[in-house]
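Here's a quick tour for someone who likes geometry with the cut-offs spelled out. Have the viewer open as you read.

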Amino acid sequence: MAGYASSDSDSCNDDNMTEHCSNARILLWDSSGRGCGGLPALLHSCSYEVTHVSSPEELLASLETEARCIDFILINFHNHVVDRSMDVLKHLTRRCDIPVTVLLEASQVPLLGKCLQMGASDYLVKPLRAEELSTLWKRSAFL
């Protein structure tokens with residue numbers, strides 16, 4: 001699981017960590033279109049319900065049919081498609097009121113200001129830990 005760390009001590013399956021987020025629903029888009037590796041499994045281990053899409057078209061179609069069922073959107077940014085990811089982020093934040101969290105590589109941190117300016121409500125930096133993901137629903141709930 002490159003970029004997504006998990007260990008027994010990190011597990012989100014601890015009742016104290018998951019009792020409030022067990023129904024949080026995430027719409028996950030990986031901007032590379034190649035999949036998110038272990039990210040969906042890590043999100044599931046944190047008791048999130050995950051709808052994973054692989055293209056901007058699928059993302060928009062899911063929003064058309066499931067917008068009321070989505071608590072927040074998570075965009076997994078990749079260096080080779082930054083412009084495309086920014087375009088999608090801009091379109092999403094203009095089109096819907098669902099909080100959007102961007103997932104960036106450490107080398108992409110300089111993009112953070114631009115992502116927030118485009119409408120992202122939160123961010124995470126890889127490698128992810130289960131602890132960070134277990135509190136993501138709390139951060140999104142207050143946006």
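What follows goes from the sheet to a few residues.

This is a predicted model, where local features need pLDDT of at least 70, side-chain atom pairs count only at pLDDT 80 or more, and totals for chains, interfaces and linings use all residues. Residues are numbered from 1 along each chain as its sequence is written, and side-chain values use heavy atoms, leaving out hydrogens and water.

Five strands make an open, parallel sheet ordered β2-β1-β3-β4-β5; strands are DSSP runs of E with at least two residues, helices runs of H or I with at least four, numbered from the N terminus. Two strands pair if DSSP finds at least two bridges between them. β1 and β3 run parallel and are joined by five bridges, and leucine 27 has isoleucine 73 in β3 as its bridge partner.

Here are the elements that the residues below belong to or sit between:

| Element | Residues |
|---|---|
| β1 | 25-30 |
| α2 | 39-45 |
| β2 | 49-53 |
| β5 | 122-125 |
| α6 | 130-134 |

Now for aspartate 30, in β1.

The peptide bond from lysine 126 to proline 127 is cis, with omega near 5 degrees, and proline 127 sits in the loop between β5 and α6. Serine 47, in the loop between α2 and β2, has a positive phi of about 70 degrees although it is not a glycine.
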